[in-house]
Amino acid sequence: MMEEQVRLLEGPWGDVRELSLGNRIQRLDSAPTPLEFLRDYVSPNKPCIISNAISHWPALSLWPNLSYLSSFLSDSIVSLHLTPDGRADSLVPLETPKKGETCFASAHVEHVPFPCALDLVLNSETKNVVGYLQQQNDCFREEYSVLASDCDAHIPWGTEALGGCLPEAVNLWIGNHSSETSFHKDHYENLYAVVSGEKQFLLLPPTDVHRMYIQEYPAAQYSYSSGSGEFRLELEKPQRYVPWCSVNPYPPPETKENEMSKFPLYFNGPKPFHCTVKAGEILYLPSMWFHHVRQSPDDNGRTIAINYCYDMQFDIKYAYFNFLQSIHHGSTLMNYDATKFTLSDELCIDANELEAEEANQEDTKD
């Protein structure tokens, strides 16, 4: 019965999304003007991929060189995120004290010299630990400032279109093939530039919030012992809860059937947009869009990217998305018999009924 109901919703649902967003992420051959970017992408909250917008960056030729970054950053202390599998800020089962309970796990973070950190990123498999160089709090300007001349301080056409203010944060990401980011959304307008390797994004618009099965999970933290090479995952104290997307779009074969039955609105609904952002390209990721990220490294085993986070406008779109998130989706739609239910029954008001109600109201006034 559930599958029939989901299929019933999928057709009109997918049609509406295709009408407003198309069926693929649009690619631009060159940087847009600020007006074009604002009109065609920022205002309608629509992602796009831009080529040939950072071809002038020295970083594109310099950063893939293994010795260049180590030489320039030899004295820099950077934030290295460590996990057993490359999946930080994601949902994992606890081992103790509540074995099997799902928690929101954050990476173990160490501040180490860049050459040591890079070595761990490149040789993670031999050490049973996955290193990821990232820190989502303006780390490029804080920890990698000696590289500032290798790329733009901001994206000029993006800055103008997004209100004229400089980015709130600029972050650098250096990872390997194991690094993965689970589904989530950000309250920022994001211009994501890939310097080396490739990034694979799954994207869903904010209006698909009900398909993400957001729940609150207890926060936990990895701790890593370099001596034993082992991780421990422990709940934070005092305990706090993090709202997070429950869906893993790539469940392992042994749990795939169970995952699909638990989250039918995701797996049986319209497919997420899938796009690959290659070296030298920028992805415009609008605020509030859900995104899942995997990566393919370059010939040296690294994927390098830099992203510019601009403050979003807390306007009518933000209010609308918050309204959608406040609705308990499925409580009414999924209780109908699929053989009798139509979208117009639930979502539309019959014109004759509306006229009759207005007539009754007029009679009452008289």
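1. Are R211 and D208 buried or exposed? Both R211 and D208 are buried, where buried means under 20% relative accessible area, exposed means over 50%, and partly exposed lies in between (1.4 Å probe, protein chains only). The side chains of these two residues, R211 and D208, meet in a salt bridge with an N to O distance of 2.8 Å, a salt bridge being a side-chain nitrogen of Lys or Arg within 4 Å of a carboxyl oxygen of Asp or Glu.

2. On the basis of the values: this is a predicted model, in which local features need pLDDT of at least 70 and side-chain atom pairs count only at pLDDT 80 or more, while totals for chains, interfaces and linings use all residues. Residues are numbered from 1 along each chain as its sequence is written, and side-chain values use heavy atoms, with hydrogens and water left out.

3. On confidence: the protein chain averages a pLDDT of 85, and 83% of the residues score at least 70, pLDDT being the predictor's confidence in each residue, from 0 to 100. Over residues 1-9 the pLDDT is below 50, and this stretch has 19 contacts in the model beyond near neighbours in sequence, a contact meaning heavy atoms within 4.5 Å. Residues 331-366 also stay under 50, with 26 contacts beyond four places in sequence. Where pLDDT is low, the predicted coordinates should not be read in detail.

4. On the overall make-up: the protein chain has 13 helices and 19 strands, which are DSSP runs numbered from the N terminus (helices H or I, at least four residues; strands E, at least two). Of its 366 residues, 47% count as buried. Among contacts between residues at least 6 apart in sequence, 82% join residues at least 24 apart.

5. One joins D138 and R141 at 2.7 Å, N to O; D138 is buried at a relative accessible area of 13%, whereas R141 is partly exposed at 34%. Another joins E259 and K262, whose closest N and O atoms are 4.0 Å apart. E259 and K262 are three residues apart in helix α9 (residues 253-262), and are therefore separated by about one helical turn. E259 counts as buried at 14% relative accessibility, while K262 is partly exposed at 45%. Salt bridges that share partners also join R87, E180 and R294 into one network.

6. On the cysteines: the structure holds zero disulfides, a disulfide being a pair of cysteine sulfur atoms within 2.5 Å. The sulfur of C309 is 9.8 Å from the closest cysteine sulfur, in C139, which is too far for a bond. C309 counts as buried at 9% relative accessibility, and C275 is buried with a relative accessible area of 5%.
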